[in-house]
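Dear colleague,

Please have it open while you read.

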Amino acid sequence: MKAKKITLIYPFSYGYIDHVVSELKSHRELIITEIKTDTIKYQYPNVLYKIWNSINKLFGKNIKKQYFLTQILNQITENQDIIFIIRPDLLDNFLLKKLKKRTNIFMAYFYDSCKKYPQQLKISHFFDEIYSYEKEDIKNYNFIETSNFIYDETIESKEIKYDIFNISSFDSRIDEIDSVSKTLFDGGLKIYFILFWFKKLSYQHLHSTTKYLSLQETKNFIFQSKSMIDIQRNDQSGLSFRTFESLGYRKKLITTNSIVKEYDFYHPNNILVINSKNIDIPEIKHFLELPYVEISQDLINQYSVKNFTKKIFKI
C-alpha cells in the first residue's frame with residue numbers, strides 16, 4: 001500500500017500538537033513532516049543587512065519574510081496527501097497559495113474563534129476542509145466540528161496541597177481571574193493560580209511566571225489539587241484543553257463555560273459551572289466533597305488524541 005504523506009504546519013502550541021504528531025508517527029504507513037513555525041527565525045549576518053532589509057521593505061520586499069517562506073517550502077519536497085495548518089491566519093496569502101499546490105487536500109484547524117481572529121475568514125477559501133471547535137463558527141460558516149482532545153491519561157499519585165488550581169496567560173481575562181482568586185481565597189479555599197507573561201506581574205493571589213510551564217509541570221500541579229478552574233475567554237465558547245485534561249486525569253473541573261453541560265461526558269459531580277461575578281463558596285466546597293463519578297472508557301476514548309487524528313486524517 002502506498003504511504004500516505006502528511007505535513008503539519010503549526011506555531012507554538014504548549015506541546016499539545018506534539019501529541020498529535022506522535023500519534024501520527026506511530027502509524028508506519030504514514031510519512032509525517034512537521035514544521036513548527038515558531039522555530040524558524042532569521043538572524044541578520046550583520047547590522048548592514050538589517051538596514052538593507054528596512055530599505056527593501058519600502059519597496060515591498062522583506063528578507064525575513066522570504067527566509068520564512070523558503071524554510072517552509074524547502075521542507076515539502078514532494079506532493080503531499082494532506083497539508084494541515086493550525087493558525088493559517090499567521091501565514092501570508094502567497095505562501096498559502098504555494099502550499100495548496102503541493103497537496104491533494106488542504107486542511108486548516110482554526111484554534112480560536114473568528115471573532116478573535118477575523119483574518120481566518122478572509123483566508124478560508126484556500127482550504128478544502130476547515131475544522132473548528134467553536135459551535136457558532138461551525139454553524140455560521142459550515143466548518144467541520146471537532147474538539148480539543150485528551151492527550152494523556154496517566155494517573156499520578158501526589159499529596160493534595162490545593163483545593164483549586166489554575167494556570168492562565170495574561171490577557172483580557174486578567175481582572176476576572178484576579179477577582180475570582182480573591183473570592184476563592186477569602187472564602188477559605190486553598191488555591192494556586194499561575195499567571196504567565198513575558199514580564200513579572202504583581203497580583204495578590206496569582207503566582208507570576210515569565211516562563212512557559214511544560215505539560216508535565218502543569219500535570220504536577222493538577223495532581224496536587226482537588227480540582228482545576230477554567231476561566232473562559234469572552235471570544236471563545238469551545239471547550240479548552242483544561243476540560244480535556246480534567247477528563248483524562250479524572251479531576252474535578254470548575255468552569256465559567258456553561259456549554260460543557262451539552263457534552264455527553266458532563267456529570268454534576270465532576271464539573272461545576274459557575275458565574276464568576278456571583279461565586280457561591282458553599283456550593284464550591286460542597287462540590288469538592290462529592291465523590292468523582294467515573295466516566296466510561298468508551299466515552300473517554302471518543303475524545304482521545306487517537307480518535308482526533310483518526311477523524312481528521314482519515315486513518
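Between which strand and which helix does the loop with Arg 87 lie? The loop that holds Arg 87 runs between S3 and helix H4 (93–100), where helices (H or I, at least four residues) and strands (E, at least two) are DSSP runs, numbered from the N terminus.

Before going further, please note that this is a predicted model, in which local features need pLDDT of at least 70 and side-chain atom pairs count only at pLDDT 80 or more, while totals for chains, interfaces and linings use all residues. Residues are numbered from 1 along each chain as its sequence is written, and side-chain values use heavy atoms, with hydrogens and water left out.

To stay with Arg 87, its phi is near 55 degrees, a positive value in a residue other than glycine. Most residues other than glycine have a negative phi. Arg 87 counts as buried at 12% relative accessibility; buried means under 20% relative accessible area, exposed over 50%, and partly exposed in between (1.4 Å probe, protein chains only). Arg 87 also lies over the face of Tyr 117, at 3.7 Å from the ring centre, and a charge is taken to sit over a ring if NZ of Lys or CZ of Arg is within 6 Å of the ring centre and within 35 degrees of the ring normal. In another such case, the charged end of Lys 252 is placed over the ring of Phe 287, 4.3 Å from its centre. A positive phi, near 55 degrees, is found for Arg 250 too, and this residue is in the loop between H9 and strand S11 (252–255).

Turning to the rings, the structure holds 30 aromatic pairs; rings of Phe, Tyr and Trp (its six-membered ring) pair if their centres lie within 6.5 Å, and planes under 30 degrees apart count as stacked, over 60 as edge-to-face and the rest as tilted. One of these pairs is Tyr 16 with Phe 241, which is stacked because the ring centres are 3.8 Å apart and the planes are at 5 degrees. Since Tyr 16 belongs to helix H1 (residues 16–25) and Phe 241 to helix H9 (residues 241–249), the pair ties together parts that are 225 residues apart in sequence. Tyr 16 is buried at 8% relative accessibility, and Phe 241 is buried with a relative accessible area of 7%.

Helix H1 has Tyr 16, Ile 17, Val 20, Val 21, Glu 23 and Leu 24 as its buried residues. These cover an arc of only 160 degrees around the axis, so they are on the same side of H1, the arc being that of the directions from the helix axis to the C-beta atoms. The elements that cover them include S1, S2, S3, H8, H9 and helix H12 (305–313), with contact meaning heavy atoms within 4.5 Å.

Lastly, strand S1 (residues 4–10) is largely enclosed by the rest of the structure, because six of its seven residues are buried. S1 pairs in the parallel sense with strand S2 (residues 30–36) over seven bridges, where two strands pair if DSSP finds at least two bridges between them. Strand S1 also pairs with strand S3 (residues 80–86), again in the parallel sense, over four bridges, and the partner of Ile 6 in S3 is Ile 82.

With best wishes
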